[in-house]
Amino acid sequence: ALDSLLLLGGGGLRRPRRPRLQFPYSARSDRQLMAMPPRRRVSFGPHDEHDTEESKQEVLPRQGAQQSYARGFMASSLAPALAAIFTNPVEVGKVRQQLDKQPASLVATLRHVWQSHGLAGLQAGLQISVLREASKSFFRIGCFTPILDQLHDAAQGPAPLYKRMAAGMSSGAIAALVCNPIELVKTRQQAAGGGAVLDGFRQLHAAEGLVGMWRGTAVSMCRSAMVTGPHLTTYTALKEAVAARGWLADAPPLHMLASLAGAFAGVCCNQPLDVVRNRLYNQPIGPDGQGTLYAGAVDCAKQLLRSEGPLGLYRGFSSHYLRVGPHYVLTFTFLEQIKKALGA
């Protein structure tokens, strides 16, 4: 033992080498053990001080997606509300045409409204129209991307048309279900020449009760699904295809073109349901709280076909597209710019 500790060299004592430890449970060398990565600690949240970079990278994309969705909902509500200010007069003309069994042209209808009621008549129901666009589009446009992300993984490439259609119809149906009372009050105020928003809700509740505030919900959900599905499918698919081929940059001219194409697809699919819905909304209500003209959406469509023929289902098509086309052009131009400003 003494010989192993006392090593002569250079005329002095040297410190003995420390013997290498041997681990009976491992044959790895010290260098192998030093190269082993540290064990991950259990993380209880994104802000835990012991989180590894890997765990933070897993959490941050989820947080970024949630923030992007929130900004998207905000932009989806603000942009259509701004657009409604400019397109409400055409909406008034469309409603008047659909309720008149012998309608005049859109220009003649708007001229008659101007002569009878002035600017207030052309902007009848503006407050409820802005409220309707802000609330309904919050769900109709805002829910589209989150639903589509659940149906399709973006890493697999562009979403197929049927998934876009499913996401659009779902978001449209959700919006119609939630916002049916607003839609009902808006349609009646535009037909009657205007009115206060709160008074419209009070009168509706007093006359027809809570159930009456969701009158026509089924046809409204079908109508919203039929317009939102084709519209958002056409808009997103056309915009992505044109931008990918380099024909147009992802800028307002492309947004306008895609909006017009999407609006045309949506109006073609939903115009019959829109006519039936407006007839149901504006029929007189009996003492029992039921409509006096139609037993329901199917009965309304049958009576309309018998009295006015198939073209009766497309009454007001031109004014509808003239209202929806510019409205969607403004909406999605505003929407894309607001999203860029918000970083959505």
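## Basis and confidence

Residue numbers start from 1 along each chain as its sequence is written. In this predicted model, local features require a pLDDT of at least 70 and side-chain atom pairs count only at pLDDT 80 or more, while totals for chains, interfaces and linings use all residues; side-chain values rest on heavy atoms, with hydrogens and water left out.

The average pLDDT (the predictor's confidence in each residue, from 0 to 100) is 80 for the protein, and 79% of the residues score at least 70. Confidence is lowest in strand β1 (residues 8-9), with a mean of 46, and highest in helix α6 (residues 144-151), at 95. Over residues 39-52 the pLDDT is below 50, and the model gives this stretch 12 contacts (heavy atoms within 4.5 Å) beyond near neighbours in sequence. Residues 23-28 stay under 50 as well, with 4 contacts beyond four places in sequence.

## Overall architecture

The protein comprises 12 helices and 2 strands; these are DSSP runs numbered from the N terminus, helices being H or I of at least four residues and strands E of at least two. From the N terminus, the elements run α-β-β-α-α-α-α-α-α-α-α-α-α-α.

Of the 344 residues, 42% count as buried, that is, under 20% relative accessible area with a 1.4 Å probe and protein chains only, where over 50% is exposed and in between is partly exposed. Among contacts with a separation of 6 or more, 73% join residues 24 or more positions apart.

The expected span is 1.5 Å times one less than the number of residues. At alanine 206, α8 bends by about 80°, the bend being the angle between axes fitted to the seven residues ending there and the seven starting there. The buried residues of α8 are Val197, Gly200, Phe201, Leu204, Glu208 and Gly212.

Helix α9, with 29 residues, reaches 41 Å from its first C-alpha to its last, close to the expected 42 Å. Glycine 246 follows α9 and has a positive phi, near 75°.

## Two buried serines

Serine 224 lies in α9 (residues 217-245) and is buried, with a relative accessible area of 1%. The side chain of serine 224 reaches the backbone oxygen of glycine 172 at 2.7 Å. Beyond four places in sequence, serine 224 touches Lys136, Arg140, Gly172, Ala173 and Ala176. Serine 224 and alanine 175 are 49 residues apart in sequence and 7.7 Å apart in space, C-alpha to C-alpha.

Serine 135, in helix α5 (residues 126-140), is buried at a relative accessible area of 18%. Its side chain reaches the backbone oxygen of leucine 131 at 2.7 Å. Serine 135 also touches Cys179 and Ile182, not counting residues up to four places away in sequence.

## Nonpolar cores

A nonpolar core is a set of buried Ala, Val, Leu, Ile, Met, Phe, Trp, Tyr and Cys residues joined through side-chain atoms within 4.5 Å. The largest has 18 residues, and those with the most contacts inside it are Phe144, Leu148, Val324, Tyr328, Phe332 and Leu335. Two or more residues each come from α3 (53-99), α6, α9, α10 (252-281) and α12 (317-342); α12 gives the largest share, 5 residues.

Leucine 335 touches Ala75, Ser76, Ala79 and Ile141, not counting residues up to four places away in sequence. A second, separate core of 9 residues includes Leu184, Val185, Val197 and Met213.

Note on methods: A polar contact is a pair of N or O atoms within 3.5 Å; within protein, one must be able to donate a hydrogen and the other to accept it, and residues adjacent in sequence count only if both atoms are side-chain atoms.
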